[in-house]
Amino acid sequence: MCSSDLALGVALVFLLVLTMLGVAAMSKSGSEQKMARNFQEHNRAFQAAETGIARVLNQFGTASNPFNTGQAATSLSITDIGAYQATADVGIGYMGATKPGALPEAWDASNVAFHHFSVEGQGATTTKARSTVTQGVYLIGAPPGDVLYE
């Protein structure tokens with residue numbers, strides 16, 4: 001065997017190793033792009049859920065106020081959030097009222113209640129990424145008619 005045959009064999013092995021490294025790098029790059037895309041879509045779904053909750057909270061005090069102590073639950077659907085056409089379904093559940101603890105002396109504790117609501121936003125994107133955000137809301141108001149205050 002001559003030295004030129006040996007050099008050719010070493011060069012072919014070296015090219016094979018370089019080819020395998022290139023293929024592995026391209027495969028890893030494709031996986032990283034897919035992970036980045038999934039993360040971005042999940043973040044969009046999370047932002048859609050947050051936007052849905054924010055829109056519902058902005059309705060408080062308006063004619064379409066969704067916070068009603070007389071209903072067990074309210075549900076709203078919000079579409080076309082952002083340029084990526086995300087959606088959000090927001091559910092509002094009335095959890096009950098509690099008697100306030102220490103209040104300023106000027107307040108009459110028998111006429112005040114803390115109303116507890118659970119607001120859950122479920123955001124979704126067109127690529128079927130989903131995210132859920134839950135937030136508690138407390139409203140101060142008159143006690144409901146059947147509250148245990150005496």
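**Which residue forms a salt bridge with Arg44?** Arg44 pairs up with Glu41, and their closest N and O atoms sit 3.0 Å apart. A salt bridge here is a side-chain nitrogen of Lys or Arg within 4 Å of a carboxyl oxygen of Asp or Glu, and the structure holds one. The two partners are three residues apart in helix 1, so about one helical turn separates them. Glu41 is buried, at 13% relative accessible area, while Arg44 counts as partly exposed at 25%. (Buried means under 20% relative accessible area, exposed over 50%, and partly exposed in between, with a 1.4 Å probe and protein chains only.)

**Before you zoom in further, meet the model and its confidence.** This is a predicted model, where local features need pLDDT of at least 70, side-chain atom pairs count only at pLDDT 80 or more, and totals for chains, interfaces and linings use all residues. Residues are numbered from 1 along each chain as its sequence is written, and side-chain values use heavy atoms, leaving out hydrogens and water. The mean pLDDT (the predictor's confidence in each residue, from 0 to 100) of the protein chain is 83, with 89% of residues reaching 70 or more. Over residues 146-150, pLDDT stays under 50.

**Strand 3 (residues 113-124) pairs with strand 2 and with strand 4.** Strands are DSSP runs of E with at least two residues, helices are runs of H or I with at least four, and both are numbered from the N terminus. Two strands pair if DSSP finds at least two bridges between them. Strands 3 and 4 make a hairpin with five residues between them, and Lys128 in the turn has a positive phi of about 70°.

**Ser131 sits in strand 4.** Contact means heavy atoms within 4.5 Å; leaving aside residues up to four places away in sequence, Ser131 touches His42, Ala45, Phe46, Ala49, Gly121, Gln122 and Gly123.
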